[in-house]
Amino acid sequence: MELNELQTQRLAKLERLREAGTEPFPTRSQRTHRIGEVLAAFDELEASATPLTLAGRIIGARRVMGKLAFAHISDGSGQIQLWFSLGESGEDVFATFRDTVDTFDIVEVQGVLRRTKRGEESILVQRLRMLAKALNPPPEKWEGLKDVEERLRQRYLDLIVNEDRRAIFRARAEAIRSMRGYLDGRGFVEVETPILQPIYGGAAARPFVTHHNQLDQDLYMRIASELYLKRLIVGGFEGVYEIGKNFRNEGVDRSHNTEFTVMECYLAYADYEDIMRLVEEMFRSIVQQVTGGLQLTYQGQQIDFAPAWQRVGLIESIAEQTGIDVMEHPTQESLWAAIQAADLHQGGKVERKASWAKQVDELFSTFVEPLLVQPTFVLEYPVELSPLAKRSPANPRLTERFEGFIAGMEIANAFTELNDPLDQEQRFLEQGRAYSAGDDEAHQMDLDYLHALMYGMPPTGGLGVGIDRMVMILTDQPTIREVIFFPHLRARET
RNA sequence: GAGCCGUUAGCUCAAUUGGCAGAGCAGCUGACUCUUAAUCAGUAGGUUGUAGGUUCGAUUCCUACACGGCUCACCA
C-alpha cells in the first residue's frame with residue numbers, strides 16, 4: 001500500500017497512539033447512549049449531569065484553539081458537538097485530541113452535557129478514546145465529493161459525506177418492507193426460485209452465461225423468475241411472490257442497470273383486471289407509507305396516486321398520437337408504408353423494425369410512452385410481443401396484458417397468464433423461429449414448463465414490478481444508479 | 001454501439017496565443033479558553049489519465065488507448 005502525504009501524517013498519529021500504549025483499533029466501544037436519544041432528552045440529561053459515553057465519526061472541521069477545541073461527531077442517529085477545554089477536559093485529553101484525532105476518525109467520548117454560550121447542545125469531554133483511526137483524508141469541506149464516478153466507486157465515502165444519500169436507501173428499504181406487508185397481508189407466500197437456470201425465460205432479453213464445473217453444464221443467470229413462479233401455481237400455491245435480482249446482458253442508462261430488482265407475483269383464479277386493482281392498491285399503500293401522502297413530485301412533475309390509474313389501449317394510444325391504426329396495417333410492410341406515408345420516419349425518429357409487433361412497440365415507445373406521466377395502464381399488447389400472455393377473446397392478435405407507466409417509465413408488466421399448453425407450445429415455436437431469424441432476445445423452448453402446464457394451471461394473473469424504478473419515483477431520483485448502492489462500473493486499470 | 005464533453009495536489013477548481021503549473025479547502029508549524037465555512041502568521045504538497053507524435057519548448061496542438069459524464073440507440 002502506497003501512502004500519500006496526508007495518509008502518512010495520519011499513520012504517524014496512529015503510531016504515536018500505539019507508542020503511548022493506546023490501541024487505535026480497540027475491539028469494542030463502551031458507549032451508553034446514541035446521539036439521537038441524547039439530543040431528544042438533552043435538558044434532563046444536562047440538568048442531572050449524568051456522565052454519558054458517546055461514539056461516532058468526527059465530521060466537519062476540528063476547531064482547535066490554544067486551550068479550547070470543538071468538533072462534531074455523527075453516529076447514524078444524529079450528530080453532536082464535542083467540547084474540549086484545557087481546564088475541564090484535562091491536559092491529557094486536550095492534547096490527545098489536538099495531536100492525534102483527525103476528521104473522519106471514529107472516537108468514543110465520555111463527559112457531561114452542556115450548552116455553549118451560543119446555545120449549541122454539546123458534550124463537555126472528560127475522557128477520549130480512539131475507536132478507529134481513519135487513514136484516508138476527507139473530501140473538501142464544502143464542495144464535498146461531487147465527482148460522480150468517485151461517488152459510485154467509493155459509495156461508502158458518498159454515504160459518509162452526503163448524508164441525504166442514506167435517506168434514499170432507507171426509503172428503499174421502507175418501500176420493499178411496505179410491499180412485502182401488502183402482499184403478505186393478501187395471503188401471498190414469499191418464495192425463492194433459481195437464479196442459475198438451465199433454460200432462461202420469462203422475458204425478452206439476452207442473458208449472462210456461466211458454467212457449473214462439476215456438472216459440466218452451462219447455466220444462465222435468470223432474466224425473470226416468471227416460469228418458475230407459475231410452476232408453483234401449478235403446484236397448488238394460490239398466490240406467490242418473489243423479490244429478487246434479475247440479470248440482463250444489455251446496456252446501462254438512467255433507467256437500466258445490469259442487475260436489477262423485481263417483484264413478481266402470481267395469483268390463481270385472477271385475471272389482469274384483478275391485477276390492475278392490486279397494483280393500484282399496492283402502490284397507494286407503498287406511496288403512503290414511504291412519503292406520508294398520495295401525491296409526490298418526480299423531477300418537477302406532480303404525480304397523484306389517489307385516483308384509479310388511467311387506462312388506455314395500446315392500439316388506440318398509438319392512433320391518437322400518430323393517426324395510424326396499426327390494426328389496419330397488419331403486416332410489417334404495410335405498417336412501414338403507413339409510417340412513411342405519415343412522414344413519421346423522418347429525422348430517424350422511428351426506425352424500421354424486423355416485425356410488425358416490434359414496429360408497433362417502436363411507435364408506442366416513441367410517441368406515447370414519454371407522455372404517460374400520471375400512473376397509467378396501457379392495455380392489450382400484440383401476441384408476438386407477449387408469448388406468455390393469454391389472448392384477448394375479442395381479438396386473438398392481442399393479449400390480456402398491461403404495462404404500468406409512471407413519469408414516462410415502465411414500472412409494471414402484467415397479464416392474464418397463458419395456461420393453454422398447446423397455445424404455449426406454438427408460441428415457443430414461434431419464438432424459436434424468431435431466434436433463428438436473428439432475434440437474440442427471443443424466448444427459449446422450455447419443455448418442462450409445457451409439461452407443467454399439461455397438468456393444468458388455474459386461470460392466473462401475474463405481475464412484475466421494477467423495484468429500482470419504483471424507488472426512483474418515490475425518492476425523486478433522476479437515475480437508477482442513485483437508488484442502487486453499487487451500480488456496475490467498468491473495472492479500472494491498476 | 002454512435003456523437004459530444006471531460007480527466008491538473010487528498011478534495012473542489014483555475015492556468016490568456018504553445019512560454020517558470022496556481023488558488024481555496026484539508027494538512028503541517030506557531031498564536032489564540034465559546035468555536036461552528038473560526039481567525040491570524042508561516043509552510044509543505046504535482047508522472048497535468050496512459051502511450052506516442054509535432055515543437056527550441058506541450059496542461060495547452062495531433063494520434064491511439066483507458067476511465068467517466070451527457071445525449072441517442074438497445075432493454076424493463
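Visitor: Which strand gives the largest share of the surface near RNA strand B?
Guide: A residue is near a molecule or strand if its C-beta atom, placed from the backbone, lies within 6 Å of it. Here the largest share, five residues, comes from β1. Helices (H or I, at least four residues) and strands (E, at least two) are DSSP runs, numbered from the N terminus. Please keep in mind that this is a predicted model, where local features need pLDDT of at least 70, side-chain atom pairs count only at pLDDT 80 or more, and totals for chains, interfaces and linings use all residues. Residues are numbered from 1 along each chain as its sequence is written, while chains are lettered from A and ligands numbered from 1 in the order in which they are written.

Visitor: How many residues surround RNA strand B, and which are the closest?
Guide: There are 59 residues around RNA strand B, and the closest are Gly66, Phe70, Thr116, Glu140 and Glu410. Elements that each supply at least two residues of this surface include α1 (5–19), β1 (52–64) and β18 (409–416).

Visitor: Do tell me about strand pairing: in which sense, parallel or antiparallel, do β3 and β5 pair?
Guide: Strands of a sheet pair through backbone hydrogen bonds, either parallel or antiparallel. Two strands count as paired if DSSP finds at least two bridges between them. In this model β3 and β5 (residues 121–132) are parallel, with three bridges, and leucine 82 has isoleucine 123 in β5 as its bridge partner. By contrast, β4 (residues 106–115) runs antiparallel to β5, joined by 10 bridges. There, isoleucine 106 stands opposite alanine 132 in β5. β4 and β5 form a hairpin with five residues between them, and glycine 119 in the turn has a positive phi of about 90°.

Visitor: What is the strand order in the open sheet of three strands?
Guide: The order is β7-β9-β8, with antiparallel pairing. Since β7 (196–197) and β8 (209–212) are at the edges with a single partner strand each, one side of each is left without a neighbour in the sheet. β7 pairs with β9 (residues 217–221) over two bridges, and leucine 196 has methionine 221 in β9 as its bridge partner.

Visitor: Is aspartate 216 buried or exposed?
Guide: A residue is buried if 20 or more other C-beta atoms lie within 10 Å of its own, exposed if 12 or fewer, and partly exposed in between, with C-beta atoms placed from the backbone. Aspartate 216 is exposed, with 7 other C-beta atoms within 10 Å. Tyrosine 269, with 12 C-beta neighbours inside 10 Å, counts as exposed too. In chain A, buried residues make up 36% of the 494 residues.
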